[in-house]
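Please consult the sequence and the model together.

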Amino acid sequence: MGIAPNWRLRKQRYALVGEVCPECGNKIFPPRDVCPHCSEDARVPFQFSGRGEIFSHTTIYSPPAGFEEYTPYTVALVKLEEGPIVTAQITDVEPENVQIGQKVEMVTRKIREDGAEGLITYGYKFRPVLKVA
Ligand SMILES: [Zn+2]
């Protein structure tokens, strides 16, 4: 149909879709088609819950070009419920209130805006879970 690559890219940007290894059952993110645990083919899509906890974090005061207006912001390694660790920006919380072990959930947010063209890039970030469901 010609839309598959786009569909896959969108899925990765707006939801945490990785893969599950049919051989050893490990969950994989980002998808890489080969299991990092047992090196078998792993191409079965797996939708992650988007929930996890902060494994480590750092606050960025000197950002890469294009991100200046967003500083300071916090980037963390988030350990997902299913096991993999992803790097993501933390939102909806002051940098000094981010803590290791804090429960977080994925949200879709604006990542950056290119002033000249008004191009807005969306992607996932994580925010603290306010209430435990
Ligand atoms: Zn495996």
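## Surface and burial

Of the 133 residues, 29% count as buried (under 20% relative accessible area, with exposed meaning over 50% and partly exposed in between; 1.4 Å probe, protein chains only).

This is a predicted model, in which local features need pLDDT of at least 70 and side-chain atom pairs count only at pLDDT 80 or more, while totals for chains, interfaces and linings use all residues. Residues are numbered from 1 along each chain as its sequence is written, and side-chain values use heavy atoms, with hydrogens and water left out.

## Secondary structure

The chain contains one helix and eight strands, in the order α-β-β-β-β-β-β-β-β from the N terminus. These elements are DSSP runs numbered from the N terminus: helices are H or I of at least four residues, and strands are E of at least two.

## Zinc site

The zinc ion has as protein donors the SG atoms of Cys21, Cys24, Cys35 and Cys38, which lie 2.3 Å from it. Donors are N, O and S atoms within 2.8 Å of the metal (3.2 Å for Na, K and Ca); water is not among the atoms, so sites may look incomplete.

Along the chain the donors follow the spacing C-x2-C-x10-C-x2-C. Cys21 lies in the loop between β1 (17-20) and β2 (27-28), and Cys35 in the loop between β2 and β3 (44-47), so this pair ties together parts 14 residues apart in sequence. Cys21 is buried at 2% relative accessibility, and Cys35 is buried at 1%.
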